[in-house]
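This report describes a single protein chain.

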Amino acid sequence: MSQADLARLQIGATDVVRVTSAQGSVELRTEPNPDLAPGTCFFPEHFNEPPVKDLAECVMDPTTGVPAFKFVLVSIEKV
């Protein structure tokens with residue numbers, strides 16, 4: 001997460017948070033990332049543990065036919 005968002009939400013650098021989308025929720029630890037813009041967060045898509053990909057709707061790219069899990073609106077709250 002962006003450091004600005006961690007501060008705004010009063011979340012520590014390694015606190016457990018609940019990330020929720022229209023598809024469900026998952027609990028995980030935060031990690032500050034100075035390269036992220038406020039209002040954004042990032043999780044590598046190569047692995048699905050914890051199952052963060054389950055928070056995004058699976059949309060197929062019309063050109064390549066590859067599933068895309070790139071963007072999803074979420075809410076984040078400290079657990």
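Is Asp5 buried or exposed? Asp5 is buried, its relative accessible area being 7%.

## Basis of the model

The model is predicted: local features need pLDDT of at least 70, side-chain atom pairs count only at pLDDT 80 or more, and totals for chains, interfaces and linings use all residues. Residues are numbered from 1 along each chain as its sequence is written, and side-chain values use heavy atoms, with hydrogens and water left out.

## Fold and surface

The chain contains 1 helix and 5 strands, in the sequence order α-β-β-β-β-β. Helices (H or I, at least four residues) and strands (E, at least two) are DSSP runs, numbered from the N terminus. Along the principal axes, the C-alpha atoms fill a box of roughly 40 × 25 × 20 Å.

Of the 79 residues, 19% count as buried; buried means under 20% relative accessible area, exposed over 50%, and partly exposed in between (1.4 Å probe, protein chains only). The accessible surface is about 5,700 Å², with 56% of it belonging to carbon and sulfur atoms. Areas come from the Shrake-Rupley method with a 1.4 Å probe, and for residues only the protein chains shown count as cover. Among contacts (heavy atoms within 4.5 Å) between residues at least 6 apart in sequence, 58% join residues at least 24 apart.

## Asp5 and helix 1

Asp5 is placed in helix 1. A polar atom of the Asp5 side chain lies 2.6 Å from the backbone nitrogen of Gly39; a polar contact is a pair of N or O atoms within 3.5 Å, where within protein one must be able to donate a hydrogen and the other to accept it, and residues adjacent in sequence count only if both atoms are side-chain atoms. Leaving aside residues up to four places away in sequence, Asp5 touches Ala37, Pro38, Gly39 and Thr40.

The side chain of Asp5 also meets that of Arg8 in a salt bridge, at 3.3 Å from N to O. A salt bridge is a side-chain nitrogen of Lys or Arg within 4 Å of a carboxyl oxygen of Asp or Glu. Both residues belong to helix 1 (residues 3-8) and are 3 residues apart, about one turn of the helix. Arg8 counts as exposed, at 60% relative accessibility.

## Other charged pairs

The chain carries 6 positive and 11 negative side chains, and the centres of the two sets are 5 Å apart. Lys and Arg count as positive and Asp and Glu as negative, while His and the chain ends are not counted; the place of a charge is NZ of Lys, CZ of Arg, CG of Asp or CD of Glu.

The structure holds 4 salt bridges. One of them joins Asp15 and Lys78, with the closest N and O atoms 3.2 Å apart. Asp15 is in the loop between helix 1 and strand 1 (16-21) and Lys78 in strand 5 (residues 75-78), so the pair ties together parts 63 residues apart in sequence. Lys78 is partly exposed, at 48%. Glu27 pairs with Arg18 at 2.8 Å between the closest N and O atoms. Glu27 is partly exposed at 42%, as is Arg18 at 26%. Arg18, Glu27 and Glu77 form a network of salt bridges.

## Thr30

Thr30 sits in the loop between strand 2 (24-29) and strand 3 (59-60) and is buried, with a relative accessible area of 6%. A polar atom of the Thr30 side chain is 3.1 Å from the backbone oxygen of Ala13. Not counting residues up to four places away in sequence, the residues touched by Thr30 include Met1, Leu6, Ile11 and Val17.
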